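I opened my notebook and went through this chain piece by piece. Here is what I looked up, with the terms spelled out along the way.

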Amino acid sequence: MTGYKTGFRDLTEEVRDRPLDVEGSLPTWLEGSLLRNGPARWTVETPKNGGDSAEADHWFDGLAHLTRFAVMDGELRYTNHFPRTEAYHNAVDEGSFAGQFSSSGGYLAKLKAMLTGEATDNANVHVARIGDGLVALTETPNWIRLDPETLTHRGSLSYDDDLTAHHVTAHLRQDPATGAHWGYFTRFGRTNKYVLFRIPEGTTRREPVTSITVDRPACMHSFALTPGHAVLVEPPLVTHPSKFLLPGRGGFINNYDWKPERGTRFHIIRRDTGERVRELTVPPFFTFHTANAFAVDADGAPVGQNSVDAAAALVVDLVAYEDASAVTDLSMDALRGGGAGFPSGELRRYRLPLSGETPAHETLTTAVEMPRFSPAVHTQPYEHVFAQSTEMDGGNALVRVDVETGATQRWAEPEVFSGEPIFVPRPDGDAEADGVVLSLCLDAAEERSVLLVLDGDLTELARAPLPHTVPFGFHGEFFPTWE
Ligand SMILES: [Fe+2]
């Protein structure tokens, strides 16, 4: 596991628009920028604290770090940058993570700050194009705007609305029909609510679609969209907001309790009316990430945006865990010490009838995370999920899962630890898998990261070594243009 630990070392070096040597060749049709986000620095040493180091001790609390891989005419240029947010200045200039984080349970401090409206601007989870600008997202509403070329900080995103949000999904879903970004947040208060919202394309306005009152809000990370519905997946890992304000509750997860007797609940909401058309409870599981979802009619045929009333069932694919142990130990001490591994979930397909029958699921494959799919098939029946294998054995594979049969294909190399696989379809391609998979991987043997480019069958086309090691990050997107 020595190699794996390399992925949790602090990074400090920044480079701008550096050409990378490409081994192999990039498809000539591939043009645009892969932008990725993730924590990359947990330790600071400054004269102000006497040379002592200050540390963020939870993986999620590392300073936001963006990477950009710009592809044009078969050439690749690399930029990486830590946005100079308030959180960055507090840590690097003041030598302290205090104010953003605490020495124990940093994520707890972050949630406390959410409740008092002083949410950290350390947006280190995902990226999206909102209001025609690049935005870095996190689970507080304090999202930040970035220059898409240099990745430099342009200030916090100001919303063109007056909604109060506390715990927000960083996994927005873009509606292929309208371009609107859909999401949800939890608002804590005398009554706690999940609020489903949409951000119309070209705006920064969160328009509430509906809200659901909830007694004990759950720890939810992502959701699913079909042409006519949104599906919130609510695992029984729940809290009460007063818990965040009590002292001595330890880390983030200590404020959530696993209540398996509640089961996991699917809240199915009609997107046009906001009506919750069904709430379905299934045996308990925990999940971070949904994959794709779609609707079918009574005969199993796909249902599109214009025939929502014909939908008889929704199909939702997601990565499920037996319980909440998936989130219980992601402290830096544990990760750097090799005492914790990534949890191992299974890719499941849930069939959620909109009336009558009970829901059912099948397991498609095991030991995967970071599920992605072609953006060309979002909300439609589809063929493939691309994911990281969570089986670590001197490296871990990238996999392609056939979501009808569960059959998997793999790409693996000794001592290479893969990152989230992002699929870019070839314009005018015939088949769903006609495109490339981009994954920022750690080559532990060489102690550096590499951008790996595979075709849709997971055959390597090219790789480009970076000048340094980028710690394991979270999520990214490929943007063909910024126009
Ligand atoms: Fe995520």
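**Getting started.** I call a residue buried if 20 or more other C-beta atoms lie within 10 Å of its own, exposed if 12 or fewer, and partly exposed in between, with C-beta atoms placed from the backbone. Helices (H or I, at least four residues) and strands (E, at least two) are DSSP runs, numbered from the N terminus. I am looking at a predicted model, where local features need pLDDT of at least 70, side-chain atom pairs count only at pLDDT 80 or more, and totals for chains, interfaces and linings use all residues. Residues are numbered from 1 along each chain as its sequence is written.

**The whole chain.** I noted 5 helices and 35 strands. Of the 483 residues, 49% count as buried. Among contacts with a separation of 6 or more, 59% are between residues 24 or more positions apart.

**Strands β23 and β24.** I looked at β23 (residues 286-296) and found 10 of its 11 residues buried. Two strands pair if DSSP finds at least two bridges between them. β23 and β24 (residues 313-321) are antiparallel partners with 7 bridges. One place to look is Thr 287, whose bridge partner in β24 is Ala 320.

**The core.** A nonpolar core is a set of buried Ala, Val, Leu, Ile, Met, Phe, Trp, Tyr and Cys residues joined through C-beta atoms within 7 Å. The largest one has 125 residues, and Leu 314, Val 316 and Leu 438 are among those that touch the most other members. β24 gives this core its largest share, 7 residues. I then followed Leu 438: beyond its neighbours within four places in sequence, its contacts include Leu 34, Val 453 and Phe 478.

**An open sheet.** Which strands form the open sheet of 4? I read the order as β17-β18-β21-β22, with antiparallel pairing. β17 (223-225) and β22 (276-282) each have a single partner strand, so one side of each has no neighbour in the sheet. β17 is joined to β18 (residues 229-234) by 3 bridges, and Phe 223 stands opposite Leu 232 in β18.

**Arg 129.** Is Arg 129 buried or partly exposed? I count it as partly exposed because it has 18 C-beta neighbours inside 10 Å. Arg 129 lies in β8 (residues 126-130). Phe 479 is 350 residues from Arg 129 in sequence, yet their C-alpha atoms are 8.7 Å apart. Leaving aside neighbours within four places in sequence, Arg 129 is in contact with Leu 134 and Phe 479.

Key:
Contact = placed C-beta atoms within 7 Å.
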